[in-house]
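Welcome! Please take a moment to look at the sequence and the fold below, and then we will walk through some of its details together.

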Amino acid sequence: MKEKLRYLTSKKSFHIAILIILVVVILFILGMTILKYHVEGETNMPFILTKIAMISSSEGIEQTIENPEHKWNFVLNQNNDIYMYLDKNANYDKEEIIQSVTIDHFQVIKTPLIGQIKWFKPDVTMQKGRFQNNQENEIQTLTYQGDTKADPQNLTIANQGGIFVFRIANCQVGEYHADDEEIIHDQLLTKTGITNEQLQMTVQFDLFITLHSGKEFKTTITLDLPRQNLIEKGTTSEEIDQMDSFIFKRVKN
């Protein structure tokens, strides 16, 4: 029996078979590791996305009309202000500093039946509120630089975590012309007969977190807007604090 085993193990085909088995096992382990990373992503990020808060509202922008027939002449926008919370991971045992946070690759997955989707950064001149829907604030990509403190108007985020904000607006969804004594902006969509179904949209964008160490992480975020029953409520807010669906992967080491 020993002679037979010695004969078999001395054959070239035996060594080739063993080599093939080892390669298959290594490839299987590698494949399972890649699959696990694809499903779970980074499991111990230096900074983690902990919450997304969304405030949906409407506003009327007064038009300048020569010899107007009515006291009030508004173009209507439906606004969605997005607040994203990035916190330091207490379980991460190394020192890291946020260099920048970038929102990019904006897409509209489901287009609303009315209006035009635009993305806006905070307005640097605003004394009250954060946003103004004008051409100067319209963006295709948005970067917050890490700093010692957060200042949304100047696009900085605290380098150990904080809040960064932007607006997704559905512009020119309708017009409102009237002679009302008082204008309540939250009621303008209802008065023009616009429905929740006409406003519903799905948007998507990539979030990049870049650290001073050179590491960079990316996830893709999809949001359904506006939130809840906007037409009846006028202004709605909602928070997403279950982040399991947002998988971060390392772009740079």
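Asp 206 counts as buried, with a relative accessibility of 9%. Here buried means under 20% relative accessible area, exposed means over 50%, and partly exposed lies in between (1.4 Å probe, protein chains only). The model you are looking at is predicted, and local features need pLDDT of at least 70, side-chain atom pairs count only at pLDDT 80 or more, while totals for chains, interfaces and linings use all residues. Residues are numbered from 1 along each chain as its sequence is written, and side-chain values use heavy atoms, with hydrogens and water left out.

**Charged pairs**

Which residue does Asp 206 meet in a salt bridge? The partner is Lys 218, at 3.8 Å from N to O. Lys 218 lies in strand 9 and Asp 206 in strand 8, so this pair ties together parts that are 12 residues apart in sequence. Lys 218 is partly exposed, with a relative accessible area of 29%. A salt bridge is counted when a side-chain nitrogen of Lys or Arg is within 4 Å of a carboxyl oxygen of Asp or Glu. Strands (E, at least two residues) and helices (H or I, at least four) are DSSP runs, numbered from the N terminus.

By this rule the count comes to six salt bridges.

| Salt bridge | N to O distance |
|---|---|
| Glu 96 and Lys 215 | 3.0 Å |
| Lys 191 and Asp 180 | 3.2 Å |
| Lys 218 and Asp 206 | 3.8 Å |

Glu 96 sits in the loop between strand 2 and strand 3 (98-110), and Lys 215 in the loop between strand 8 (201-211) and strand 9 (216-225), so their pair ties together parts that are 119 residues apart in sequence. Glu 96 counts as buried at 5% relative accessibility, and Lys 215 is also buried, at 15%.

Lys 191 belongs to helix 3 (residues 188-191), and Asp 180 to the loop between strand 7 and helix 3; these two are 11 residues apart. Lys 191 is partly exposed, with a relative accessible area of 43%, and Asp 180 counts as partly exposed at 22%.

**An open sheet**

In what order do the six strands of the open sheet lie? The order is 6-5-3-8-9-11, and the pairing is mixed. Two strands pair if DSSP finds at least two bridges between them. At the edges are strand 6 (156-158) and strand 11 (249-252), each of which pairs on one side only. Neighbouring strands of this sheet are turned by 30° against each other on average, direction ignored; the axes are lines fitted to C-alpha atoms, and angles run from 0 to 180 degrees between N-to-C directions.

Strand 5 (residues 142-147) and strand 6 run parallel, joined by three bridges. One of the residues to look for is Asp 147, whose bridge partner in strand 6 is Ala 158. In the loop between strand 5 and strand 6 you will find Leu 155. Its phi is near 60°, a positive value in a residue other than glycine.

**Around strand 7**

Strand 7 is mostly covered, with 13 of its 18 residues buried. It runs antiparallel to strand 2, with 15 bridges joining the two, and Asn 80 stands opposite Ile 168 in strand 7. Strand 4 is joined to strand 7 by five bridges, also antiparallel; here Phe 120 has Arg 167 as its bridge partner.

A pocket is an open set of points on a 1 Å grid over the protein atoms alone, where a 1.4 Å probe fits, with protein on both sides within 12 Å along at least five of seven lines; lining residues have an atom within 4 Å of a point. Strand 2 (72-88), strand 4 (116-120) and strand 7 (161-178) each give two or more residues to the lining of this pocket. Among the lining residues are Ile 61, Val 75, Lys 118, Phe 120, Glu 138 and Cys 171. The lining divides into four nonpolar, six polar and two charged residues.

A cis peptide bond joins Leu 225 and Pro 226, with omega about -10°. Pro 226 lies in the loop between strand 9 and helix 5 (230-233). Gln 228 has its place in the loop between strand 9 and helix 5, with a positive phi near 55°. Gln 228 counts as partly exposed, at 38% relative accessibility.

Key
Ala, Val, Leu, Ile, Met, Phe, Trp, Tyr, Cys and Pro count as nonpolar, Asp, Glu, Lys and Arg as charged, and the others, Gly among them, as polar.
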